[in-house]
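Colleague: Could you show me the model and take me through the terms you use for it?

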Amino acid sequence: MSAPQSDASAPKLVGVVDIGANSIRMVIAQVGADRGMEVLERTQRAVRLGHDTFARGRLSQRAMGAALTVLRDCKKLLDGYKVESVRAVATSAVREAANADAFVDRVAMATGLDLEVLDPPEESRLTVSAVRQAVHGILDLSNTCALVAEVGGGSTLLTLLDRGIITASASYALGSVRLREHLAMPQEPQARAVDLLRHQIANVVEAIKRSMPLDRVQSLVAVGEEAHFAAQQTGQRGPSAEVVSVVEIKAFDRLVADCARLTAEKLSKKYGLPLQSTERLVPAFLVYHGLLHATPVDRMAVCDVSMRDGLLLDMVRRATGEDDPELVESVAQSARTIGEKYRYDPRHAEHVGDLAIRLFDELQREHGLTPRHRLLLRVAATLHEVGGFVSNRAHHKHSYYLIANSEIFGLRREEVQVAAHVARYHRRAVPKPTHIEFLTLPREDRIAVNKLAAILRVADALDRGHAQQVRDFHVERRQGELVLYVRGVSDLTLERRATEEKGDLFEDTYGLKVRVEEDVSPAAEPRRASPVE
Amino acid sequence: MAKEPDLDSPELFFNRELSWLEFNDRVLREGLSDDVPLVERLKFLAIVSSNLDEFFMVRVAGLKQQLAAGGTARDPSGLTPAEQLARISRRAHKMLAEQSVGIRDAFAQLAAAGGPRVLSAGDWTAEQRGFLRSYFASEILPVLTPLAVEELQPFPILPGLGLNVLLGLTPAEQPGEPLKLAVVPVPSSLARFIPVPAQEGLHLAVLEDVVAEHAGQLFAGFEVAARAVFRITRDADVPVTDDDAADLLQLVEDVVRSRRRQAVVRLAVPANADARLVQWLKDWCQVADDDVYEVDGLLDAAALYEIVNRPGFERLREPDWPPQTPRDLLGHDDLWQAIQDHDVLLFHPYEAFEPIVRLLGLAADDARVIAIKMTLYRVSADSPVVAALARASEKGKQVTVLVELKARFDEARNVNWARRLEDAGCHVIYGIAGLKTHAKLLLVIRREEHGIRRYVHAATGNYNDRTARLYSDIGLLTAERDFAADASAFFNLLTGYSQAVGWNVFAISPTESRARFIELIEREAAASTPDQPGLIMAKMNSLQDKALIQALYRASTAGIRILLNVRGICCLRPGVEGVSGNIEVVSIVDRFLEHARVFYFRNGGHDELYLSSADWMVRNLDKRLEIIFPVTAEALRARLIGALETYFADNVKARRLRPDGAWVPVRRRGNPVRAQQKLYEEAVEAARAADQAPLQFRPLTRPDEAQP
């Protein structure tokens, strides 16, 4: 009897390894169409990577060694289950270490795990996506202004959700481990150390206020171990399995005051927690406390989720092929914000985006790309002309570097690079071996850039006049040709000529020549009124 | 309103050692009871002795260590170590005297009933003497190792618990000379009861009598002026301190070896022994009068097991109660499927332990099984469990086994199993530093058509197929996800793959079990109303933890009814007005050793029932890794509540603890109920009902592809 082969209906095994500032955690889950998600393993081990990074700027050999030991054990568990897809990620403790690359390499050599160092926006996005899932049906994010705050070991991540749309996201150097490292003065009396902490946090909170409208916040959602602990301590005794709980400001004030009086040793004794976690308790509490008092709200919703849950959600969505509509909207919104900054033509940008998406969907069989690429195409279309802000001459090149150096919420750095290249090739030269930046992309990304840029060029050609004339078309494939039958436009001269000019990459990539024709058949199948998503 | 009682008052607690002695006395009562078949009586009389051996090696030795270290701290009942030792000695002396009378009485009845006749040396006929002389020469003499003739300084390193003959010798030519001494250890490899020729029936001579009679032959040129059999018990309370042991295997072996040299805590000599010899022994062993036990009969009554285990004499025994197919598995051919369908309860020994052994065997041979993880505390010799694990590993499955090397007196055996499993390629963990892993847990991970499925067995008793026929224990088989996730997390904790990450259904010692139990007790008190009074029913081996006892006192004061079935130690004093007036304690000592831990809380009508490997003792709650797990399936819970009620209905074997500390038979009212018998009959009835179930036609079809 042999083990059954995996087929489409068989559940997929996914694994997430998260290297944080205090510990390395892993989740192995099974995702099936019918059984939902089942967590098979959840592990956590204390490895204090943040300690070195925040104090000395690099990971010590000892900490790296400890991390590798833990990661080898993780790998054993992953291999035991034969987990097919694994994402291993690291956050600030590795991100900020000068020797991060060496560490990533050692992890790869020792375990074969391909460690991704997450940027703060991606980290926020993952946390927020987990929060959305967790609060679904409990807290309606669509009609409130919510601040999601996660105090980690290295940094505090803040995301502002205005009616469910992410409008701002930033990372601040207020981590529980970092604060402790900076203020680790064993001789100092407890009260004095706490005062210093409060002071430092208050300064940062003032800075936050300048870039985020904290006074408009209507709901504060706290994420993080210490927030969860506060919820357990202040809440009514109940099942700790509750994902969302509420902490009232008064109860929290009392808890913070009580804890701030005690040393880590005493906290450890009082709550039966390991010293390593009580050392972080007061610094983290003070950050939440500072944020809570900087907003007009009088309670915080504590959400017992983490970035790992967001990662899992991502992987589950990937495994099941479903898309996260909120993520798509957030990314698009973030791209529009950047567009506004560079005074783009929003109507043209949106219209080209719609046309490009329409073509992308029509050509799914030809390009075989993922929903993620579809999103990158949307971003590239939105921002393809932002280079005009610098100069109209060679504006596609300016678009490239403006996009490449932007942080787009919800996109990883590599993804932003792809979007930047797609925008770069929306006109003039097609990708060439002399284009150094293009060559630095991984092969798969280069292929994707070709396929996406080819579509974007055609979409752009269809709105050459920036008048959004072409609204409805249908597509027919015939002997080496892709014919776009456009309805309701009497004069297509401009579009036809532009398409001839810009269809070069399309023909190279898809082996189809693009032709634009007027659709005159009255019996034409009724089409969607507008080619929007 | 009455004054708050002081729950720290020594009046409210029984001393744990004295309470344990009362437990052993209950075992003795069975050995003395005319209602118990004769051979079974011998078994109980033997258990009294083997129990006492361990008690002296561990508990008495521990107290003596405390005393030697100048310890004067009082236990919750207000006694210092010295006071405890004095009382223990008094109680144990009385018990041994009663036991000796009981053994003689049982021997007499046994002979009268046509059973074996056990002879004392004075009973030997001339023919038997002749036989024994030649038996000594051919069978015993070759394996004797006499230890020294003249200077017995220092005292020879005799292992504890063995029998020895001490001879006082004088040179044959000079009978007036002072005695010279020799020790002849009685070989432990020989049968203790020797069948001798007789007119009719089975006659048995006692090995040490034969050795004592003839040992003089070893010393040519000397006359035996005095002789005495003696037996010493040594301190075996040598803790395995493993906190920074480089090689735990080596350390454990060293500890086992060192037990040979530990202090003597008890000296047993015959009642009529030569006073000079006894004095010498006392000097050598450095024991006080209190530690000397003069026994009128067998010095090592545990040997009676040999007679119990002889085949035959069925009419003098309890009828055999062969284990039944577990009710939840009746009509199921496929174990995997059965567990998928519903949780399975296994109530041993009424129900067979065989399904667990079978499950392990299946798992070892099933290509879809990818991993097996298991704890082993005490396993049997030639354990099929160990064999299955080794086979699974050889077949390429991930096998993780925690072998608890610190299981007292099983250390040496466990070292062997551990090595064998390691050789087979298993990932073996020798326990957790500073804690004994007492939890009984098995996890089988299987890759099925619809994904990974995990099967869990959690239980109150060890993975020991032998003791599973003698101990009353409860196991649960389940494929519930929450359970499986906790089992995985528990093994990740043991292997060091993870810290504790929070539990779905388990509560774990040493971190949270006490707090959890106290919480459950307090919740019961809080939910109690005059119309819906709270009820706690708990069954355990021992109740000794002070904090839990105090929680029970508070609950009793709050009006909760508390029924405790405590087999062994009970430090709680029931029936004290205003403190424990609502608490009843009963104990059952019967043919099976009561070993299950079951905890029931009425919880305002939302019944909750937990099983555990942990007693309510400090050691279980603070120094061991234990699991407390719920029984969530309605039907199984109802069954266990029924079983608890049966224990409390027992009026045949049950004894009730009185406020003064005496254990008295439960008054007979209504029909006699013997809990173990009733539970067994229920198991038989269920199996029979399933056999007689209407014939069902089961069409054989081509197996569905999705099915294994």
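Modeller: Here are the terms, each with its cut-offs.

Modeller: This is a predicted model, where local features need pLDDT of at least 70, side-chain atom pairs count only at pLDDT 80 or more, and totals for chains, interfaces and linings use all residues. Residues are numbered from 1 along each chain as its sequence is written, while chains are lettered from A and ligands numbered from 1 in the order in which they are written.

Colleague: What makes S1(A) and S2(A) a pair?

Modeller: Two strands pair if DSSP finds at least two bridges between them. Strands here are DSSP runs of E, at least two residues, and helices are runs of H or I, at least four, numbered from the N terminus. S1(A) and S2(A) are joined by 8 bridges and run antiparallel, with a hairpin of 3 residues linking them. One of the bridges sets A:Lys12 against A:Val31 in S2(A). S2(A) also pairs with S3(A), antiparallel again, over 10 bridges; there A:Gln30 stands opposite A:Glu38.

Colleague: Why is the sheet's pairing called mixed?

Modeller: Strands of a sheet can pair either parallel or antiparallel. S1 (residues 12-19) and S4 (residues 85-90) of chain A pair in the parallel sense over 6 bridges, with A:Asp18 opposite A:Val89, whereas S1(A) and S2(A) run antiparallel. The open sheet has 5 strands in the order S3-S2-S1-S4-S5 (chain A). S3 (36-46) and S5 (115-117) of chain A each have a single partner strand, so they are the edges, with one side of each lacking a neighbour in the sheet.

Colleague: How do you know that S2(A) is largely enclosed?

Modeller: A residue is buried if 20 or more other C-beta atoms lie within 10 Å of its own, exposed if 12 or fewer, and partly exposed in between, with C-beta atoms placed from the backbone. In S2(A), 9 of the 10 residues are buried, so the rest of the structure largely encloses this strand. Over in chain B, the buried residues of H11 (residues 384-394) include B:Val385, B:Leu389 and B:Ser393.

Colleague: What makes H8(A) and H9(A) roughly perpendicular?

Modeller: Angles under 35 degrees count as roughly parallel, over 145 as roughly antiparallel, 65 to 115 as roughly perpendicular and the rest as oblique. Axes are lines fitted to C-alpha atoms, for helices over the stretch in contact, and angles run from 0 to 180 degrees between N-to-C directions. The axes of H8 (residues 225-234) and H9 (residues 249-260) of chain A cross at roughly 105° and come within 10 Å. H8(A) and H9(A) are therefore roughly perpendicular.

Colleague: Which residues of H8(A) and H9(A) meet?

Modeller: Residues are in contact if their C-beta atoms, placed from the backbone, lie within 7 Å. A:Ala230, A:Gln233 and A:Thr234 in H8(A) meet A:Ala251, A:Phe252 and A:Leu255 in H9(A).

Colleague: How many residues does each chain give to the contact between them?

Modeller: Chain A gives 22 residues and chain B 19. S3(A) gives the most on the chain A side, with 9 residues.

Notes: Two residues are in contact if their C-beta atoms, placed from the backbone, lie within 7 Å.
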